[in-house]
Amino acid sequence: MITDRRAFIVENTELLPSPLVPEVKLHLATEAVTLWQMTEEALEQAGLPPPYWAFAWAGGQALARYILDNPETVRGKRVIDFAAGSGLVAVAAARAGAGHVIANDIDAFSHEAIRLNAAANAVRIDLLTNDIIGSDLDGCDVVLAADICYEQPTSERVERWFRVLAASGRPVLMGDPGRNFRPSSGMEKLAHYAVPTTRELEDNDVRSTDVWRILP
C-alpha cells in the first residue's frame, strides 16, 4: 500500500513538456518508468486508482493550447478545472493570467500531482477535492474540463450540470478527442488540433481533438 503519494509520483514519473503545450512541464509516466507498465490488478494491489493524472491526454492538451493562445478567455477571471487529473489545464489557465485557479479532482494522487505540477511551473493553483457535480459554483467565472466523456452515466450527469452552468451565463469549455459519450449536439466548436499522443494511450500517434463551448 502506498503511503507517501508525493514520493511515489516523483519516483515513478519524469518531468517533461507536454507535446502540444511545451510551455508546460508535467510529471508524466513514460515507457521508462514502472507505472506505465503496471496492470489494473497491480494498481489495485498497490492501492492506486487508475493514474489518469500521469498522462497528458489529448483533450487536456488541446484545451490548454487554446487557453494559452487565447488568454482573454481566462485573464483576470476565477477559473475552475473540473476533473483536473494532472492539472495541465489549470496550469495553462494560471499561465494565461487567470485571477484565481481552482483544480478539482476526487483522486488523492491527482491532488499531489497537481501540487507538484503547479510548483514545477511556478504557478498557484488551489485544490477542491470533493465531488462538485451539481454545484452552482458560486464565485466561478469560467469552467474548464477535458477528457471526461468516457462513461455514459457520468457523462450524462456532467452534461446536464454543464448546461445549467452555461445557462447562468458562464463559459463552459471542454476539450475532447471524440470520446464515446461526448454530447452529440448543443455545442459550439472553438478550435481544432492534431494532438501528438502515443499508441499506448490512444489508437493513433496523432489524435484529432476539438475544443467546444457548451451551450445551455
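**Entry 1**

I began with Arg 65 and Asp 69, which are separated by about one helical turn because they lie four residues apart in helix H4. Helices here are DSSP runs of H or I with at least four residues, strands are E runs of at least two, and both are numbered from the N terminus. I noted that the model is predicted: local features need pLDDT of at least 70, side-chain atom pairs count only at pLDDT 80 or more, and totals for chains, interfaces and linings use all residues. Residues are numbered from 1 along each chain as its sequence is written, and side-chain values use heavy atoms, with hydrogens and water left out.

I found that the side chains of Arg 65 and Asp 69 form a salt bridge, at 3.0 Å from N to O. The term stands for a side-chain nitrogen of Lys or Arg within 4 Å of a carboxyl oxygen of Asp or Glu. I then looked up a further partner of Arg 65 and found a salt bridge with Glu 23, whose closest N and O atoms are 2.6 Å apart. This pair links distant parts of the chain, as Arg 65 sits in helix H4 and Glu 23 in the loop between S1 and S2, 42 residues apart.

I compared the accessibility of these residues, where buried means under 20% relative accessible area, exposed means over 50%, and partly exposed lies in between (1.4 Å probe, protein chains only). Arg 65 is buried at 11%, Glu 23 is partly exposed at 32%, and Asp 69 is partly exposed at 45%.

**Entry 2. Other salt bridges**

How many salt bridges does the rule give? I recorded a count of 11. I read relative accessibilities of 22% for Asp 141 and 41% for Arg 78, so both residues count as partly exposed. I also noted a network of salt bridges that links Arg 6, Glu 112 and Arg 115. Side chains of opposite charge can pair when their charged atoms come close.

**Entry 3. Asp 81, a buried charge**

I located Asp 81 in strand S3 (residues 78–82). Asp 81 is buried but has no salt bridge, and the nearest side chain of opposite charge, that of Arg 95, is 14 Å away. For charge, Lys and Arg count as positive and Asp and Glu as negative, while His and the chain ends are not counted. What lies 3.1 Å from a polar atom of the Asp 81 side chain? I found the backbone nitrogen of Ala 90 there. I also listed what Asp 81 touches beyond four places in sequence, including Gly 87, Ile 102, Asn 104 and Leu 144; contact means heavy atoms within 4.5 Å.

**Entry 4. The nonpolar cores**

I next looked up the nonpolar cores, each a set of buried Ala, Val, Leu, Ile, Met, Phe, Trp, Tyr and Cys residues joined through side-chain atoms within 4.5 Å. The largest has 39 residues, and those with the most contacts inside it are Leu 63, Ile 125, Leu 144 and Tyr 193. Among the elements that each supply at least two residues of this core are helix H4 (58–69), helix H6 (108–120) and strand S8 (187–196). A second, separate core of 20 residues includes Val 143, Val 158, Phe 162 and Ile 214.

In soluble globular proteins, nonpolar side chains tend to be buried together.

**Entry 5. The cysteines**

I searched the whole structure for disulfides, meaning pairs of cysteine sulfur atoms within 2.5 Å, and found zero.

**Entry 6. Two loop residues**

I placed Ser 18 in the loop between strand S1 (14–17) and S2. Ser 18 is buried, with 1% relative accessibility, and touches Val 24, Leu 26, Ala 56, Gln 61 and Leu 88 beyond four places in sequence.

I placed Gly 47 in the loop between helix H3 (40–45) and H4, partly exposed at 29%. Beyond four places in sequence, Gly 47 is in contact with Met 1 and Phe 109.

Terms used:
Polar contact = N/O pair within 3.5 Å; in protein donor to acceptor, adjacent residues only side chain to side chain.
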